Amino acid sequence: MGYKFNYYLLTVTFSFIFVVMVRAQNPIIQTSYTPDPAPMVYNDTLFLYTGCDADTACYFDMNEWQVFSTVDMVNWTDHGVQLSYKDFKWTKPKSAWAAQCIERNGKFYWYVCCEYPGNWHVIGVAVSDRPTGPFKDAISKPLVYTGKMGDIDPTVYIDDDGQAYLYWGNGKVCYVKLNEDMISYDKEMGIVELDMNKEQFEYLERNDPNRANTLFEEGPWLYKRNGLYYMIYAAGGIPEYIAYSTASSFNGPWTYRGVIMNKGYEDMAFTNHPGIVDYKGKSYFFYHNQGISKHGFRRSTCIEEFNFNADGTFPNIKPTKEGVSLIATLNPYRRTEAETMAWGQGVKTKKDSKGGVYLTSIHNNDYIKVRNVDFAKGAKSIEVVATPIAGGEIEIRLDEADGALIGICKIDKTGNSDTWGSFSAKVKKTGGIHDLFFVFKGADGELFNLDYWIFK
């Protein structure tokens, strides 16, 4: 009796977890770990630049930086790894720390934190002609190199008058005025250290000569609204929460304003890293947690929508599993990359020179979810491009992973696994707006890789 009762509870528990995962939106990326989110709006698209914690990390183990994008805030396209510590010949493995990208005059500058032999941390810069790369080391040496341990977590901002600033900090905040080329800075002014005191940043008495006497920890993010500068940052030691200060000038004096996101919530990692962006009339707060891994060194990006208070202060933002609301529909009659999804269960993405980025590590009962798909008057068929490994099927379902089945596309094992092929199937005529699920079925082992899909 006890055995059957426990089995029943286990079944119910897994069913509950399954439903929660299907309905969740945070963390927004499930195919890799995505610490230290840095959002950037360019044209009509929101791009997200993140680090990449190793799948087996038990300490800080980061070797790459990744790029994602969205136009609806819920379906994210994975553009793959676009920068690695290997692209900086002067650094070393496991040192691809926090970074931020910004556009100027049609070029994209990605400021990154790396380790430098003989030093603690330095800041480098990579450049590209496109927001999704490829990026390359812009100057073949560190941009900021002070020989102090606090040179981490760069944040970059171009002010209304065109002057660009690069801030960074660990225990204290420093900044430089970037030159017009964005890959050098005003050496005459040099590196400026902000005055860290209890009026400007949350205060804590320390006896460590290498750290300022503040609760400011790391991860600064500079943001401006209605002429007011906001410095948002991780604070409080371990575990970290997110606090902020404001100023009427880029160089202060700053006024400590309070906590934005407190610690102690479920699945919060011992570190945090803020990012703020305005997109299509809404304000979004980016952060990371350990919601997928349950491990503090394997962190994932989350997002919350918020509104500023009437006096310009931040509200208290509570982390949620539901995340943000969608702001647009997806057109299924245009080619959609398989790595565009709102949720991926069990799958991974991969990037190579032949296929670009595609969906891989697909096994029986894995699935992906695409939200808010507008079928309009009705779809009649689907075409997918895949490379069979063992082969299998794609169940096409609506609204839930076990929802209405409208078609099955067979991925036959023809040719070799390095050759992309087109596979088609009729679907039950479907109209209106639905969440779309691709549920993968087949024998044990990897079934196939998936490049893109389109309804007809």
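Predicted model: local features only at pLDDT ≥ 70, side-chain atom pairs only at ≥ 80, totals over all residues.
## A buried strand residue

V156 belongs to strand β9, which covers residues 155-158. With a relative accessible area of 2%, V156 is buried, because a residue counts as buried under 20%. Leaving out residues up to four places away in sequence, V156 touches Q100, I102, Y111, Y165, L166, L178 and M182.

## Overall architecture

The protein chain contains 1 helix and 31 strands. Its radius of gyration is 23 Å, close to the 23 Å that the globule rule gives for 456 residues, so the chain is as compact as a globular protein of that length. The C-alpha trace spans about 65 × 55 × 40 Å along its principal axes.

Of the 456 residues, 57% count as buried. Where contacts join residues at least 6 apart in sequence, 58% of them link residues at least 24 apart. The accessible surface of the chain comes to about 19,500 Å², and carbon and sulfur atoms account for 49% of that area. As for charge, there are 47 positive and 55 negative side chains. The centres of these two sets lie 5 Å apart.

## Annotated active-site positions

An unreviewed UniProt entry carries the annotation "active site" for D55 and E218. These annotated positions are spread over 164 residues of sequence and are also spread in space, with up to 23.8 Å between C-alpha atoms.

D55 is placed in the loop between β2 (45-50) and β3 (64-70). Its relative accessible area is 43%, and D55 is therefore partly exposed. Apart from residues up to four places away in sequence, D55 touches Y33, R298 and K348. R298 is also among the residues in contact with Q290.

Most residues other than glycine have a negative phi, and most peptide bonds are trans. The bond from G133 to P134 is cis, with omega near 10°, and P134 is found in the loop between β7 (122-128) and β8 (136-137). The bond from G252 to P253 is likewise cis, with omega near 5°; P253 is found in the loop between β15 (241-247) and β16 (255-261).

M73 is not a glycine, yet its phi is about 75°. M73 lies in the loop between β3 and β4 (76-84) and is buried, with a relative accessible area of 0%. N226, also not a glycine, has a positive phi of about 50°. This residue lies in the loop between β13 (216-225) and β14 (228-235). N226 is exposed, with a relative accessible area of 71%, because exposed means over 50%.

## Loop residues and their contacts

I183 is located in the loop between β11 (173-178) and β12 (192-193). At 23% relative accessibility, I183 counts as partly exposed, because the limit for a buried residue is under 20%. Neighbours within four places in sequence aside, I183 is in contact with Y109, V125, A138, I139 and L143. I183 and T34 are 149 residues apart along the chain, and their C-alpha atoms are separated by 26 Å.

Q290 occupies the loop between β18 (282-289) and β19 (300-306). This residue counts as buried, at 16% relative accessibility. Its contacts, leaving aside neighbours within four places in sequence, are D267, M268, A269, H295, G296 and R298. Between the C-alpha atoms of Q290 and D181 the separation is 38 Å, and the two residues are 109 apart in sequence.

How values were computed: Residues numbered from 1 in each chain as written. Heavy atoms only, no water. Helix = DSSP H or I, 4+ residues; strand = E, 2+ residues; numbered from the N terminus. Rg over C-alpha atoms; globule rule 2.2 N^0.38 Å. Buried < 20%, exposed > 50% of the residue type's maximum accessible area, 1.4 Å probe, protein only. Contact = heavy atoms within 4.5 Å. Areas by Shrake-Rupley, 256 points an atom, 1.4 Å probe, with all protein chains shown as cover. Lys, Arg positive; Asp, Glu negative; His and termini not counted. Charge placed at Lys NZ, Arg CZ, Asp CG, Glu CD. UniProt positions renumbered as here; feature names shortened; annotations may be inferred.
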